[in-house]
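Hi,

Here is the structure I promised to pass on. Have a look at it first, and then read my notes below.

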Amino acid sequence: MEMAMQAEIRRGTVEMTAAMLISGTIGWFVVMSGQPVSSVVFWRCFFGALTLLVICAALGLFRPGIIGLRAFGIAVFGGVAIVSNWLLLFVSYSHASISIATTVYNTQPFMLLALGALFLGEKITATKLFWLGLSFSGMAVIVEAKPQADAISGSYGLGILMALGAAFFYALAALAAKWLRGTPPHLIALIQVSTGIVMLAPMTDFKNLPVDAGSWLILTAVGVIHTGLMYVLLYGAIQKLPTHLTGALSFIYPVAAILVDRLAFGHALQPMQIAGAVVILLAAAGMNLGWSPGRLVRLPATRS
């Protein structure tokens, strides 16, 4: 029994790691597509919906009565939120770089903390407030470390605001998911990306579609790999792993995004930006993993 459990955890770890590495590369795909962000998100939803349609059919998730009208409405609300999140996050890449946008985006646990307190009656403890304060101190450092060229145009600050907006909408989608406990997650994902198709079809210029195979390959990959496959891996991992391990492995995503940004586009973080990023990710880790503030004092002692 114990060996089977360990094998399950190992498999879940591989799935979670793969899902986070895939997520960490999406910035490269968005930039290299050369398409307007609204078009990228539309095709992500379109190809993602086709992939999830096959997956849901294979899992037998189209049985009558599997989702009620209220749950369907909440899933659509979550779809509006998740698509808004993608739009804002992808636009923020061109203003504040993939590295900074992804780091700021990782303030999402604190957005969910506030929403949980407002709508679910969840308690905000002193420890959670500590991690919240630490996260915003890291944010302040990143804002102050803006590059000189962007400081004039205000583009850097706009990118940070968009990444924060993306984090807020992601938290709304996560809140919707909390209300949908018991509903098959792959079906929720299918409803969400289908909602995105309806939302973005009026904004998509179908008269000026990509003409080269490379662009279509990138757009297909964003839908099939970064949406369909990533959802399968992520949900499979969540079902197998304890919460603390899921939270710990989720930090592969921002690290992978920072490395991709450095290797693919040569965007190196300044020392102040690195410091702010470390503080934000440390605060998010403390929040996700349930650390006490005293853990910060014990970490150096543990390493020595």
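Let me start with what I mean by a pocket. On a 1 Å grid over the protein atoms alone, a pocket is an open set of points where a 1.4 Å probe fits, with protein on both sides within 12 Å along at least five of seven lines, and its lining residues have an atom within 4 Å of a point. Points are joined across faces, edges and corners, and a volume is the space filled by probe spheres set on them.

Two bits of background. This is a predicted model, so local features need pLDDT of at least 70 and side-chain atom pairs count only at pLDDT 80 or more, while totals for chains, interfaces and linings use all residues. Residues are numbered from 1 along each chain as its sequence is written, and side-chain values use heavy atoms, with hydrogens and water left out.

Helix α4 provides the largest share, eight residues. By class, this lining has nine nonpolar residues, five polar and one charged, where Ala, Val, Leu, Ile, Met, Phe, Trp, Tyr, Cys and Pro count as nonpolar, Asp, Glu, Lys and Arg as charged, and the others, Gly among them, as polar.

And the largest pocket? About 1800 Å³ of space lies in it. Its lining takes in 47 residues, with Gln108, Tyr170, Ala174, Leu234 and Ile238 nearest the centre. Among the elements that give two or more residues to this lining are α1 (2-24), α4 (69-105), α8 (155-179) and α10 (213-240). Helix α10 gives the most, seven residues. The lining of the largest pocket has 29 nonpolar, 13 polar and five charged residues.

The salt bridges

I found three salt bridges in the whole structure, each being a side-chain nitrogen of Lys or Arg within 4 Å of a carboxyl oxygen of Asp or Glu. Glu15 pairs with Arg11 at 3.4 Å, N to O; both sit in helix α1, four residues apart, about one turn of the helix. Glu15 also pairs with Lys240, at 3.1 Å, N to O. Lys240 is in helix α10 and Glu15 in helix α1, so this pair ties together parts that are 225 residues apart in sequence. Lys240 and Glu15 are both buried, meaning under 20% relative accessible area, with exposed over 50% and partly exposed in between (1.4 Å probe, protein chains only).

The other pair is Lys178 and Glu122, at 3.7 Å, N to O. Lys178 is in helix α8 and Glu122 in the loop between α5 and α6 (126-144), 56 residues apart. Lys178 is partly exposed at 25% relative accessible area, and Glu122 is partly exposed too, at 35%. Through shared partners, Arg11, Glu15 and Lys240 are joined into one network.

One glycine to look at

Gly24 is in helix α1 and counts as buried, because its relative accessibility is 2%. Beyond its neighbours within four places in sequence, Gly24 is in contact (heavy atoms within 4.5 Å) with Tyr253, Ala256, Ala257 and Val260. Gly24 and Ile98 are 74 residues apart in sequence and 9.6 Å apart in space, C-alpha to C-alpha.

Cheers
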